[in-house]
Amino acid sequence: KNSEKDHCAPKKCNGSLMQPSNMVCDPRDGKPSVESVRKLAKDFIDQYFASMKRRNDSEAHGARLDEVMNSIDSTGTYELTKNELIFGAKTAWRNAPRCIGRIQWNKLHVFDCRKVTSTYEMFEAICSHLKYATNKGNIRSCITFFPPRNDVKTEFRVWNSQLIRYACYRQEDGSLVGDPANLELTELCERLGWKGKGGRFDLLPLLLQANGEDPELYELPSNLVLEVKLRHPDAGQEWLEKMNLKWYAVPAVSNIMLNIGGVEFPGVPFNGWFMGTEIGRDLLDTARYNLILPVAEAMGLNTKKTASLWKDKAILELNIAVLHSFQDDNVTIMDHHVATESFMKHFSNEMKLRGGCPGDWVWLVPPVSGSATPIFHQEILNYTLNPACLYQPDPWHYYKWKDSVMKKRKNKLHFKELARSVLMTSRMMTKAMANRIKATILYASETGKSYAYSKSLQEIFNHAFDAKVVPMDQYDICNLEYEALVLIVTSTFGNGDPPENGEYLAQALQKIVRDSKEDQYVHHTNILIFITNNSVKVSTKQNSFSNDIQSSTQGVLANVKFAVFGLGSRAYPHFCAFAHAMDTFLGELEGERLMEIGEGDELCGQEESFRRWAQEVFTSACDTFCLREQVNLEDANASLSTSKFERTDFRVVVHDKQVQPNVIKTLGTMHRKKLSSCRLIRRKNLQSEESGRSTILIQLETKNCENLNFCPGDHLGIYPRNDPDLVKELLSKIRDATDENTVVVLEAKREKRSIIGNLKYWEEDTRLPPCTLNMAFSRYLDITTPPTPQLLKLFSECDVNQEESKRLEVLSQGQSEYEDWKFLNNPNLIEVLNQFPSIQLEAALLLKQLPLLQARYYSISSSPEIFPGEIHCTVSVVTYHTRGGTGPLHHGVCSSYLNSITDDEEVACFVRTAPTFHLPLKDNIPCILVGPGTGIAPFRSFWQQRLAEIRKGVNSIHLVAHNGCTMALLFGCRNPNHDHLYKQEVAAAMKEGAISHAYTAFSREKGKPKRYVQNVIMSEIPDFVYDIVHEKKGHFYVCGDVTMATEVNKTLLKILCIKGEMTKEKAQEFINSMKTEERYHEDIFGVTLRTYEVNRSVRLKGKEKSESLSHK
């Protein structure tokens, strides 16, 4: 809305006034009325929530508005939140009618220093501001907020008009040396005790006022002020160098007031970068250095006749010299043509987005070649909006000194002292920076590994930043654009999908990208396919200044620095796909990538890859935020391999209440999931006794389980129980283990301040509930996953003998020795303790450091229509020998658990939806189902669903023979007599018409060659497959291990090439289009440790890639 105070009237125009009344806020006019503050505050809060698309439709909006109004009614003002402050600062710049560089408004970095209480703290903040802004010449726009004005007598102000200014000295003959614009301030500083050198380019000290005290002087350290010596690009123009002209690099305005929703900030230093003509005017204007005649004379121009245009020539050549000098020194600057063109792009964009763009034409038209710029020919309406940048009178015109005689006082901080202790000053600035700059670490995980890495990342970043770790599902995406630094650590679930706690953030980011590029993208519900099938722009590490200034808009995350690390296994075809999706989304929204995405392969060198990436991204972040020189990188890097566990800070004690909590509720709380309690109805071995292996059908009762609603194709998550024999053996190795019935609790030593000093006390650790050790190691903690290097490091400190300690130390480095040891042995915790028997283990260490026992996922094998109140799973009971078949026998944790439960045990379950693996919405669409082994699991739910529809009369059986209800099943197993799963059920389903075709492949049939499902597809039904997927636009489903899925994909590609006469590239495009249309579906298992050779091959390839990366 326009300001009610109009600066022009029907019979007068104030457009050329330096400070029109509507752009001035004079504290001598008194405090604004409560009603005016309420009006501005409501409008601002509405703007803020509208920017997040939460206006008028959220409780948060109404609650915040009530809070603000109540505060204004009681105190006359209110406090802005951090995000409101950032939004207000950016919007004030966006609204500034006299600024030509507003296209960069969304890239403004905000330093929130509203809590400072003294001029010394203000000085620290200003030093940090200048160091960040200067950035070795690659100037960054930023603003620092000091406390808002509550009373003119206690306000915080910078008395300098800019943070960097040159002094002006009055000579005895009345002439001036230096910049006349700063004469008053120079004389004031001299009265306060400052003594300048009398030169033309002497830096003025800062004069700072805080909290009602008289202002005080501070000299800026010379290493913080970047200056550019002016020279001409053409040969034979030595005249300019002889004049010894220079100028500072950062134009940091410090006398402007910001009004944000009725809250006034009189002290807000702000900087952008120079437009060349600004420096030219400062040096040539008669009210400034007035060098136009000396320049012209040095050039040898005829200055006696104005018709010779000697002034114009002098102005032009000096402007050329200014641009050349800054560019030659790699200091950011823009010429007036680029500036005006960028403004016109901003103007056009604002007209589309907001229906207007305030602008002061008199100020925006450059002082050189005005009519050659597009602004000259553009009509622009000048008006004010709030938040607003306003002028305020110089404080010495109204300030009432406490020191009435203004005695000469010593400078509070002498320049020479600072010059001698630059390092000390730098560290002071680093401390101030670190207290303000936040680093948000977002993670998404299925197993807890990403969380563990995120905590390690937090350790290293806390050496220079205020780092916090947040799970993606608990992060408010509305905060994202206000972040300074975002780090993402995430795994990838299944076939390129996000982990469950990453789904919401991924979908929200996808929507933002899609909305911002609506006409350029093909929407898809699957994140992986969205990335694969859309041409996504990837940002570079640092966007070039020219690209930034010439772009028509700034992305939502233009001011956010980010980096991504992905965890995964190269055994999957879409390695780290979700991490790449997140990296692409943030880049597409124009976030600034600190470095390329990092990848960690669980089969090879994941620990080492993460450590290398974390060190590199930390160094890059320190460089970006100007902290590199003061951080001890060696100490920071060491924190990645150092656990923060101190044995004396934790203990296990007997709990007051000898009652164990409900396991289902406890697991739900620990993992933040809504769990249901199921009980076993029936367990059936689907293989014959002769097979020597076991695949079981588990039928669970789901009555009264509201959270277990599912569709065919979804997954069931189950929290297992560790093998009781392993738990018993582990307890025997813990030297302070209690008996199996004693409820204990882990306590941590805390410390708090009191009037008598620091008090230490014990407090219950919240990681685990009070329980028996047997329960903790059975249901809550993972004792079968190989210990991490960090845990091995802690083991080496458990009174272990010297020989074993050295070996543990080597393994704890997490390098190739650890990877080889882990891959060869895949040792569980008990095996590690057997290998290093001298370890003196205590319960507290394990309760605090072991990872949580995670859920296992199984494809649901039933339809709720056929088996209401039940949920079925097809489970392969996993047993295998490590070391390629020669090592100890291991059992799968969850499959063994399900193979041993009784009907009176509670099974902790939840449903994970798989929307990309559901049946087509239309029943008449043909489908091909490829599922060898337990890959048949979800297809059992498919044919049961079709059976239910047939029995309801939704489909009549005769439709099977027509063009609609084709459902072809391709199943593979070893032997038709041993492991042909659901053979009778498939036959019955065919009889009723739910399955139209059934094909089998046997890989161990006596006297016959090995045949796999891909062989059947290629040799028996290539025409049928081509007709379904290409001609009839049917759906193609694949479920099983990654090796099979890859071979099936290759086979389909080959069929398309042969039957469709396509090139390999065209065939691949067709399969990609099937994925885009959601007609190609994959539900892929990772390889298990039974497939030793497959794992070994994948690992060797990953090792080669890791070694090549480490040598780059």
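1. Burial and surface. In this predicted model, 56% of the 1112 residues of the protein count as buried. The protein exposes about 49300 Å², of which carbon and sulfur atoms supply 49%.

2. Secondary structure and contact range. The protein contains 37 helices and 39 strands. When contacts between residues at least 6 apart in sequence are considered, 76% of them join residues at least 24 apart.

3. Helices H8 and H9. Helix H8, covering residues 292-299, packs against helix H9, covering residues 310-328, with the axes 9 Å apart and at an angle of about 90°; H8 is therefore roughly perpendicular to H9. On the H8 side the contact involves Ile292, Leu293, Val295, Ala296 and Met299, which meet Trp310, Lys311, Lys313, Ala314, Ile315 and Glu317 of H9. Sorted by class, the residues of this contact comprise eight nonpolar and three charged, with no polar ones.

4. Helices H35 and H36. The axes of helix H35 (residues 1042-1059) and helix H36 (residues 1064-1076) come within 9 Å of each other and cross at roughly 120°, an angle which means that H35 is oblique to H36. The crossing in which H35 passes H36 is right-handed. From H35, the contact draws on Asn1049, Leu1052, Leu1053, Leu1056 and Cys1057, while H36 contributes Lys1064, Ala1067, Gln1068, Phe1070 and Ile1071. Seven nonpolar, two polar and one charged residues make up the contact of H35 with H36.

Key. Residues are numbered from 1 along each chain as its sequence is written. This is a predicted model: local features need pLDDT of at least 70, side-chain atom pairs count only at pLDDT 80 or more; totals for chains, interfaces and linings use all residues. Side-chain values use heavy atoms; hydrogens and water are left out. Axes are lines fitted to C-alpha atoms, for helices over the stretch in contact, and angles run from 0 to 180 degrees between N-to-C directions. Helices (H or I, at least four residues) and strands (E, at least two) are DSSP runs, numbered from the N terminus. Angles under 35 degrees count as roughly parallel, over 145 as roughly antiparallel, 65 to 115 as roughly perpendicular and the rest as oblique. A crossing is left-handed if the near helix is turned anticlockwise from the far one by less than a right angle, and right-handed if clockwise. Contact means heavy atoms within 4.5 Å. Ala, Val, Leu, Ile, Met, Phe, Trp, Tyr, Cys and Pro count as nonpolar, Asp, Glu, Lys and Arg as charged, and the others, Gly among them, as polar. Buried means under 20% relative accessible area, exposed over 50%, partly exposed in between (1.4 Å probe, protein chains only). Accessible areas come from the Shrake-Rupley method with a 1.4 Å probe; for residues, only the protein chains shown count as cover.
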